[in-house]
Amino acid sequence: MRTGLYPGTFDPVTLGHIDIIRRACALVDRLVIGVAINRDKGPMFSLEERVEMIESVCAKLSAQTGTEIVAHPFENLLIDCARDVGAQVIVRGLRAVADFEYEYQMVGMNRVLDDSIETVFLMAEAQHQAIASKLVKEIARLGGDVSHFVTPDVNAALKDRLG
């Protein structure tokens, strides 16, 4: 069984994330969504809320694709998380050249730490390339419509959070 790990903070999960998850399902039998506990980023949603959002989205995708998808909170090194969940592949989504530069450095460091775990980059579909959780939160904070960037459930969660 090939296991992949798709890590991120998912604060909140966007249609861009969902696009990458759906496409990663074609590459692996089991996909672990690593929900990062990153206190430095000051997430809008708690870890529990982010995991719940991922589980809600992934239940539907798992049924559609036949791939087992599970959410897994983590706070350790990405490469250690990959080992913990038995991943042979780390899946990373790319939106722009700036993403690649950062990801390229991270792959190099991870290869030194464990060269048995490969990293695969998936480009977001064109309609999702501009979506970033940070921008979605900013638009929502300023009263903008984010329904084109997130699922209806996430949109409702954002409205609820921001009043």
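How many of the residues of strand S1 are buried? The answer is 6 of its 6, so to speak a mostly covered strand; buried means under 20% relative accessible area, with exposed over 50% and partly exposed in between (1.4 Å probe, protein chains only). This is a predicted model, in which local features need pLDDT of at least 70 and side-chain atom pairs count only at pLDDT 80 or more, while totals for chains, interfaces and linings use all residues. Residues are numbered from 1 along each chain as its sequence is written, and side-chain values use heavy atoms, leaving out hydrogens and water.

Let's look at the sheet. Its 5 strands line up as S3-S2-S1-S4-S5, open and with parallel pairing. Strands here are DSSP runs (E, at least two residues), helices are too (H or I, at least four), and both are numbered from the N terminus. Two strands pair if DSSP finds at least two bridges between them. S3 (68-74) and S5 (118-123) sit at the edges with a single partner strand each, so one side of each has no neighbour in the sheet.

Here are the pairings of S1:

| Pair | Bridges | Partner residues |
|---|---|---|
| S1 and S4 | 2 bridges | Gly4 with Val89 |

From S1 the chain crosses through helix H1 (residues 15-24) to S2, a right-handed β-α-β crossover (with the strands pointing away from the viewer, the path from the first strand over the helix to the second runs clockwise).

Which way do the residues of S1 point? Thr3, Leu5 and Pro7 go one way, and Gly4, Tyr6 and Gly8 the other. In a regular strand, side chains alternate between the two faces of the sheet.
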